Amino acid sequence: PLLKLSLDTYHLGFDPRFVERIADIVPRTAIVHLADGRPPIAGEQDRCPLGAGDLPMREILLALRNTGYEGYLDVLLTGPEIEWTDNDELLAQTRHSFEHFFEMSTSFDRQ
């Protein structure tokens, strides 16, 4: 009970059963790293800005909310596509995507 997990949506989100398994994972989760992306090619990660990838981010966030997750959300912006993006533009796009994902809910506090 003293050990918690760090859940990274990029690493787990490509599993087609991930969203339905979130309820089992939440009690053991201390922080969720939100990261979007495309399936890895030749073992290399292909992360991208939130909302620009293939992961079901809205469904993941809804599942977290519906299972009572109250821990931290950390947006993880890393990867080749992100490294060459203007920081101000990237932060504005990230905020827009995050707000879009949560437009139907105020369950998570904005921190």
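Guide: Contact here means that heavy atoms lie within 4.5 Å of one another, and the model to which this is applied is a predicted one.

Visitor: Leaving out residues up to four places away in sequence, which residues does T29 touch?

Guide: T29 is found in strand β2, which comprises residues 29-34. Once residues up to four places away in sequence are set aside, the residues that T29 touches are K4, L5, L7 and Y69.

Visitor: Does T29 count as buried or exposed?

Guide: The cut-off for the buried class is a relative accessible area under 20%. Because the relative accessibility of T29 is 7%, T29 counts as buried.

Visitor: Which residue has its backbone oxygen 2.8 Å from a polar atom of the T29 side chain?

Guide: A polar contact requires a pair of N or O atoms within 3.5 Å. For the side chain of T29, a polar atom lies 2.8 Å from a backbone oxygen, and that oxygen belongs to I25.

Visitor: How far apart are the closest N and O atoms of E99 and R95?

Guide: Side chains of opposite charge can pair when their charged atoms come close. E99 and R95 are four residues apart in helix α5 (residues 87-101), so about one helical turn separates them. E99 is partly exposed, with a relative accessible area of 28%, whereas R95 counts as exposed at 56% relative accessibility. The two residues form a salt bridge in which the closest N and O atoms are apart by 3.0 Å.

Visitor: Which residues are linked with D15 in a network of salt bridges?

Guide: D15 forms a salt bridge with R21, where the closest N and O atoms are 3.3 Å apart. D15 counts as partly exposed at 25% relative accessibility, and R21 likewise counts as partly exposed, at 36%. In the network of salt bridges, the residues linked with D15 are R17 and R21.

Conventions: Residues numbered from 1 in each chain as written. Predicted model: local features only at pLDDT ≥ 70, side-chain atom pairs only at ≥ 80, totals over all residues. Heavy atoms only, no water. Salt bridge = Lys/Arg side-chain N within 4 Å of Asp/Glu carboxyl O. Buried < 20%, exposed > 50% of the residue type's maximum accessible area, 1.4 Å probe, protein only. Helix = DSSP H or I, 4+ residues; strand = E, 2+ residues; numbered from the N terminus. Polar contact = N/O pair within 3.5 Å; in protein donor to acceptor, adjacent residues only side chain to side chain.
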